[in-house]
Amino acid sequence: TGQSFEQFLAERLLQPLGMSETTFWPSEAQAERIATAYRPKSGGAGLEPTKIEQLQYPLTDRGARAAMPAGGLFSTAADVSRFYRMLANGGELDGRRVLSETAVRQLTVRQTPTALKESYGLGFQVSEDRFGHGGAYSTNSYYDRGQQRVLVWLVQHAGFPGRGGESQEAFRKAALGL
């Protein structure tokens, strides 16, 4: 297209989906709403704030920061849910086609060889029950096909002390009524 990745993404995906809070460069107001990232304190008792290592700060600086698809896209649960609802609806949302059904199928069905333990479509981890993607510092989102629900887990942590690592599964069970 001759466009930069971030421009292409904005024009072809984010804007058509109404994902107005999703960006590589948060505004000052958006940056103030970004959850603090935490890591376990040395010794494993409690948490302490940390920065997301793969990002350059300040997050609002377009000059110093490049658009980084692997951990640099900021969003909200509402925006992420719009994206997944479009995928669950075969590439359409609110009567507007954003992706072809073929593209959605390629994203959400296994593309990796069955000899591999990991099961991925083109960009998503996939199984018979769901497809989704884990992000930086333990964010996670997926569509549960059987329950027909979008689950969005937005946290910022570089490791949980104690039994904190069980929290995402507890969230999943509560959200799905299991």
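Colleague: Where do I start with empty space in a structure?

Modeller: Start with a probe. Rolling a probe the size of a water molecule over the atoms shows where empty space is left. In this predicted model, the largest pocket holds about 1,300 Å³ of space.

Colleague: How many residues line the largest pocket, and which lie nearest its centre?

Modeller: The lining has 46 residues. Nearest the centre are Thr22, Leu73, Ser75, Val80 and His133.

Colleague: Which helices and strands each supply at least two residues of that lining?

Modeller: Three helices do: H1 (5-17), H2 (28-33) and H3 (77-88). Two strands do as well: S6 (130-134) and S7 (140-144). H1 gives the most, with 6 residues.

Colleague: What is the volume of the second largest pocket?

Modeller: About 270 Å³. Its lining has 18 residues. Gln125, Arg130, Asn140, Tyr142 and Gln168 lie nearest the centre of this second pocket.

Colleague: Which element gives the largest share of the second pocket's lining?

Modeller: Strand S6 does, with 5 residues. Strand S5 (125-126), S7, strand S8 (149-153) and helix H5 (167-176) are also among the elements that each supply at least two. By class, the lining of the second largest pocket has 7 nonpolar, 8 polar and 3 charged residues.

Colleague: Back to threonine 22. Is threonine 22 buried or exposed?

Modeller: Read its relative accessibility. Threonine 22 counts as buried because its value is 8%, and the cut-off for buried is under 20%. Threonine 22 sits in the loop between H1 and H2.

Colleague: What does the side chain of threonine 22 make a polar contact with?

Modeller: The side chain of aspartate 79, at 2.8 Å. Now leave aside the neighbours of threonine 22 within four places in sequence. Its contacts are then Leu14, Leu73, Phe74, Ser75 and Asp79.

Colleague: Now the backbone. What should I look for there?

Modeller: Look for exceptions. Most residues other than glycine have a negative phi, and most peptide bonds are trans.

Colleague: Which peptide bond is cis here?

Modeller: The bond from tyrosine 57 to proline 58 is cis, with omega near 0°. Proline 58 lies in the loop between strand S2 (47-50) and H3.

Colleague: And which residues have a positive phi without being glycine?

Modeller: Take serine 138, with a phi of about 75°. Serine 138 belongs to the loop between S6 and S7. Then take glutamine 148, where phi is near 50°. Glutamine 148 belongs to the loop between S7 and S8.

Colleague: How do I class serine 138 by accessibility?

Modeller: Serine 138 is partly exposed because its relative accessibility is 26%. That class runs between the 20% and 50% cut-offs. Glutamine 148 has a relative accessible area of 61%, so it is exposed.

Colleague: What does UniProt list for residues 1-161?

Modeller: The record, an unreviewed entry, gives "domain: Beta-lactamase-related" for residues 1-161. In the model, that span is 24% helix and 18% strand. The C-alpha atoms at its ends lie 46 Å apart.

Notes:
Residues numbered from 1 in each chain as written. Predicted model: local features only at pLDDT ≥ 70, side-chain atom pairs only at ≥ 80, totals over all residues. Heavy atoms only, no water. 1 Å grid on protein atoms, 1.4 Å probe; cavity = no way out; pocket = protein on both sides within 12 Å on 5 of 7 lines; lining within 4 Å. Points joined across faces, edges and corners; volume = space filled by probe spheres on them. Helix = DSSP H or I, 4+ residues; strand = E, 2+ residues; numbered from the N terminus. Nonpolar A, V, L, I, M, F, W, Y, C, P; charged D, E, K, R; others polar. UniProt positions renumbered as here; feature names shortened; annotations may be inferred. Buried < 20%, exposed > 50% of the residue type's maximum accessible area, 1.4 Å probe, protein only. Polar contact = N/O pair within 3.5 Å; in protein donor to acceptor, adjacent residues only side chain to side chain. Contact = heavy atoms within 4.5 Å.
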